[in-house]
Amino acid sequence: MKPTFSKGGKLWWLQSVFDGFETFLVVPNTTSNKQGAHIHDAIDSKRTMTAVIIALIPAILFGMYNLGYQHYLVTGQQVGFWATFFYGFCAILPKIIVSYLVGLGIEFAAAQIKGEEISEGYLVTGLLIPMILPIETPLWMMAIAIAFAVIFAKEVFGGTGYNIFNVALITRAFLFFAYPAQMSGDEVFIRTGKTWGLGGSAAPIDAYTGATPLGQVGLVNEGTPALTNAIGEPLTRLDSFIGLIPGSIGETSTIAILIGALILIAVGVASWKIIVSTFAGGFLTALLFNAIGTTSAMSLPAIDHLLLGGFAFGAVFMATDPVTASRTKVGKWIYGFLIGFFAISIRVLNPGYPEGMMLAILLMNIFASLIDYLVIDRNISMRKKRALAAAKK
């Protein structure tokens, strides 16, 4: 089939599409120049994206189960493990399909128009987006946000590798500011509609509170809030660590996220410096607010700040994006620490917006290159001083 899609073939105008499928399905037989400053190893963008997808599997599988668990908890129904998981699977599958159809469709079209290869970058972005959005986000709304993010946060900058903002977070930011009720309402994180696979509608709801644990913090004026689940039962720290709490599908289970972090660090895809510094920045900032604060958000224990909301997911899968993050060794420590600092600061100082990770990462995306520039400039200045000192001797 390849000659048909090669230059001079009948379907030459679809060469980018054919190349994209060929690269995805088989190993390319082309390499960079064998001479010059080229490093040859086994890694390429396809393998990098595959490693990230594998690392996301624990979080998304648990998220599917937790979605079903939250649904049957508020409806009062008793079902088995597989029925619970299947409910969450059926709820999230349409969102994954829409994400890939819209995002990849735009990327394929852009590659054809520009006559370039199709990048594998959206393979990860297409899975991240459904994992960080409330489950009740309408599909049409999600499609609009994805189209906006891919075009204006990626393609206009030149495509994968040139974007300065994380595309998945731009999607969420677009939805948050354009449709705030669908992103932060009381009932957007627990699906209470049709009971998939069991036939018929869900049972009547008697005690559904709706707010996520992190959202409950803003409802208390002072003192440490008593966090509860969707039916008013007290939540333990173990519940938060395991992930049996309301929230976006990929963000609830800290243990599943940490498993993904170990995978990314082991294969060398994610920077452990950014992950560690982000958690350190968030933890120390929360301790500072614990010491000086009087509001409920300031009084929330530092460890709970790390376990609740999208902090852990953002630190592992968003802050470590190699395109939008700092790349120098010292810059990674600074970049991650400031993300943690701003994330907790936004949570604590803005009661109307209990989650701050999205805005913190997008803010630091802007300054990532500046941080690297300053680090490199400082290194150059120090080397010049050492060279002058050596010359004087």
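Predicted model: local features only at pLDDT ≥ 70, side-chain atom pairs only at ≥ 80, totals over all residues.
**Exercise 1. Find what covers the buried residues of helix H2, and work out how Phe 5 and Phe 18 are paired.**

Solution. Start with H2 itself, residues 15-25: Ser 16, Phe 18, Asp 19, Gly 20 and Thr 23 are buried there. Their cover includes helix H1 (2-5), helix H3 (45-75) and helix H4 (81-114).

Now turn to the rings. The structure holds 16 aromatic pairs; rings of Phe, Tyr and Trp (its six-membered ring) pair if their centres lie within 6.5 Å, and planes under 30 degrees apart count as stacked, over 60 as edge-to-face and the rest as tilted. Phe 5 and Phe 18 are stacked because their ring centres are 4.7 Å apart and their planes at 10 degrees. This pair links Phe 5 in helix H1 with Phe 18 in helix H2, 13 residues apart. Phe 5 has a relative accessible area of 13%, so Phe 5 is buried.

**Exercise 2. Which residues touch the most other members of the largest nonpolar core?**

Solution. A nonpolar core is a set of buried Ala, Val, Leu, Ile, Met, Phe, Trp, Tyr and Cys residues joined through side-chain atoms within 4.5 Å. The largest has 78 residues, and Leu 56, Phe 313, Phe 317 and Tyr 335 touch the most other members.

Then follow Phe 317. Leaving aside neighbours within four places in sequence, Phe 317 is in contact (heavy atoms within 4.5 Å) with Ala 55, Leu 56, Leu 128, Ile 257, Gly 260 and Leu 264. Apart from this core lies another, of 6 residues, among them Leu 214, Leu 235, Ile 245 and Leu 300.

**Exercise 3. Trace the salt bridges of Glu 107, Glu 251 and Asp 304: where do the partners lie?**

Solution. A search of the whole structure gives 4 salt bridges, each a side-chain nitrogen of Lys or Arg within 4 Å of a carboxyl oxygen of Asp or Glu.

- Glu 107 pairs with Lys 154, the closest N and O atoms being 2.4 Å apart. Glu 107 lies in helix H4 and Lys 154 in the loop between H6 and H7, so this pair ties together parts 47 residues apart in sequence. Both Glu 107 and Lys 154 are buried.
- Glu 251 pairs with Arg 172, with the closest N and O atoms 2.9 Å apart. Glu 251 is in the loop between helix H10 (237-242) and helix H11 (254-266) and Arg 172 in helix H7, so parts 79 residues apart in sequence are tied together.
- Asp 304 pairs with Arg 237, the closest N and O atoms being 3.0 Å apart. Asp 304 is in helix H14 (residues 302-307) and Arg 237 in helix H10, 67 residues apart. Asp 304 is buried at 10% relative accessible area, whereas Arg 237 is partly exposed at 44%.

Conventions:
Residues numbered from 1 in each chain as written. Heavy atoms only, no water. Buried < 20%, exposed > 50% of the residue type's maximum accessible area, 1.4 Å probe, protein only. Helix = DSSP H or I, 4+ residues; strand = E, 2+ residues; numbered from the N terminus.
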